[in-house]
Amino acid sequence: MTELHLFNSKTRQKEKFQPLVPSRVGMYVCGPTVYGEPHLGHARSTVSFDIVFRYLQYCGYKVRYVRNITDVGHLENDADEGEDKIAKKARLEALEPMEIVQQYTIEYHNRMRELNSLPPSIEPTASGHIIEQINIVKKILANGYAYEKNGSVYFDVLKYAKDFPYGELSGKKLEDMLEGTRDLDGQTEKNNNVDFALWKKAKPEHIMQWESPWSKGFPGWHLECTAMSTKYLGDRFDLHCGGMDLQFPHHEAEIAQNNGSCGHEPCNYWMHNNMLTINGQKMGKSLGNFITLRQLFSGDHELLQQAYHPGTVRFFMLQAHYRSTLDFSNEALQAAEKGLNRLMKAVELLSKMKPENENSRDFNFADFKSRCTSAMNDDFNTPILISQLFEGAKFIQNLNSGKAGMEKEEFENFKNFFEEMTFDVLGLIPIQNNTDTNDETVEGLMELIINLRLRAKQSKDFDTADAIRNQLTRMGIEIRDSKEGTTWDKNIPQQ
RNA sequence: GGUCGCGUGGCCGAGUGGUUAGGCAGAGGUCUGCAAAACCUUGUACAGCAGUUCGAAUCUGCUCGCGACCUCCA
């Protein structure tokens, strides 16, 4: 594909991407609820749409990437009479709600930076946009798609569904939902079970609450994204992204709120990343089987055989398509780690190579480039791009060993493109090897040791040479002999 | 129960109506004093059954198995 196509969850098909304003893209991603440590699922979502952000920029678009921080407003559940998730956690830990929010926001930022995900252009918080949310409730009320009860405001789904299609995004039929629902405690205020809260009146002991025309309370689950996407991207923008589990009810509600407040849908394209599974089962908070990123990077979890470098985790995720489920396992991550190392060694080699001015043999750069961009144009198919990079890595090796040749100018183009794909588009990062210790003493000692071993080898004293090598291996230092000399790497010790 | 999706070789994971995905692991080889690294070659495949077709793993139907959403979740 020569033009970017993406899978629109709304229409369930791949569509050519055409932004509302030429050369500019407005992109909204549903960010994390900061009431717990960031886990593998956050990583998958953030990395998936980091790729979208990066590739759109590669394609020359100027992108405004808005990703919210949910620091208020998600209810624990209906039966809980609207207790705020963050407030609940705060009470348990005897902390201020904003203290929790601060802590986990920082954690999230740190982990995402380690994964080499770019920060969004704007990262608004729900608590900072209460006024905007209240204004949207007012509009929806004025348009007649909501009703007030005892200080709370609910979205009237049945009335709304007479004027707009409801359930298109998630493929749900309202009749089915009406049949399937059952009465739960705490839903008595709603006219109908399919209705959802726009504003909830807070109990006096509820910690996070704000003044509103209806009550002291807090905004409903879905309102913040409508408010913040509208404020920063307009009431109609290009791309709305998030995890597949948000498709219903969250995104369906957003569509309803947008229609209900301004008469049209919020965006032209919906993108949803698939879930991450552990032993074939979805990783989820309620299932208690989630692995935090801190645990993953340190190896401190019973399911983990070792620590995994953030670069490995990123690469692991990009080896699967964002719309497929991805099953976590030690074997898969270890395979990814080795593969990434191989790729990174090839890129490093590429950066040091001096191009010969000879005829290009056995490699067609134009074809290669086209295969790479076609893959990305086809709904951000990173696994295919990576497979192409491995083909490129093979060629780099052949070029280095003289088995292949390349004309100088084409080599420069190839090199630039390869690095662009690897670092700018995929955002891959090398797994640190500690050759660059910045420690002159260590460098000097290593040089000394390698020279001593070389001398032993030259005098055919292989016992000594091997003893040196074995001892270094035990210390985690890998020795490699080649015609150009001996190099060394210190492997990261794995827990 | 309703809606949707998936089932690919030892493992992970793309793709496709007829032509090698790729990675990891395995086997053989080149290189090396021996290794390591790198490179080359290579086996194993599309859940089952039936149908459409010149041809299906790819389309259709059924069966089996698995999962997701319908409740907070990335």
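Predicted model: local features only at pLDDT ≥ 70, side-chain atom pairs only at ≥ 80, totals over all residues.
Residues count from 1 along each chain as its sequence is written, and chains are lettered from A, with ligands numbered from 1, in the order written. Local features need pLDDT of at least 70, side-chain atom pairs count only at pLDDT 80 or more, totals for chains, interfaces and linings use all residues, and side-chain values use heavy atoms, leaving out hydrogens and water.

View 1. A disulfide here is a pair of cysteine sulfur atoms within 2.5 Å, and the count comes to 0. Cys372 is in no disulfide either: its nearest cysteine sulfur, in Cys59, is 13 Å off. Cys372 is buried, at 0% relative accessibility (buried means under 20% relative accessible area, with a 1.4 Å probe and protein chains only).

**View 2. Strands S9 and S10 side by side.** Strands are DSSP runs of E, at least two residues, and helices are runs of H or I, at least four, numbered from the N terminus. S9 (residues 237-243) and S10 run parallel, joined by 6 bridges. Cys241 sits opposite Met271 in S10. From S9, the chain passes through helix H8 (residues 247-262) to reach S10. In S10 (residues 267-273), 6 of the 7 residues are buried.

**View 3. Ser170 in its loop.** Look between helix H5 (157-163) and helix H6 (174-180) to find Ser170. Its relative accessible area is 16%, so Ser170 is buried. The Ser170 side chain makes a polar contact with the Glu252 side chain at 2.6 Å (N or O atoms within 3.5 Å, one able to donate a hydrogen and the other to accept it; residues adjacent in sequence count only if both atoms are side-chain atoms).

Note on methods:
Buried < 20%, exposed > 50% of the residue type's maximum accessible area, 1.4 Å probe, protein only. Pairing = 2+ DSSP bridges. Right-handed = clockwise from strand over helix to strand, strands pointing away.
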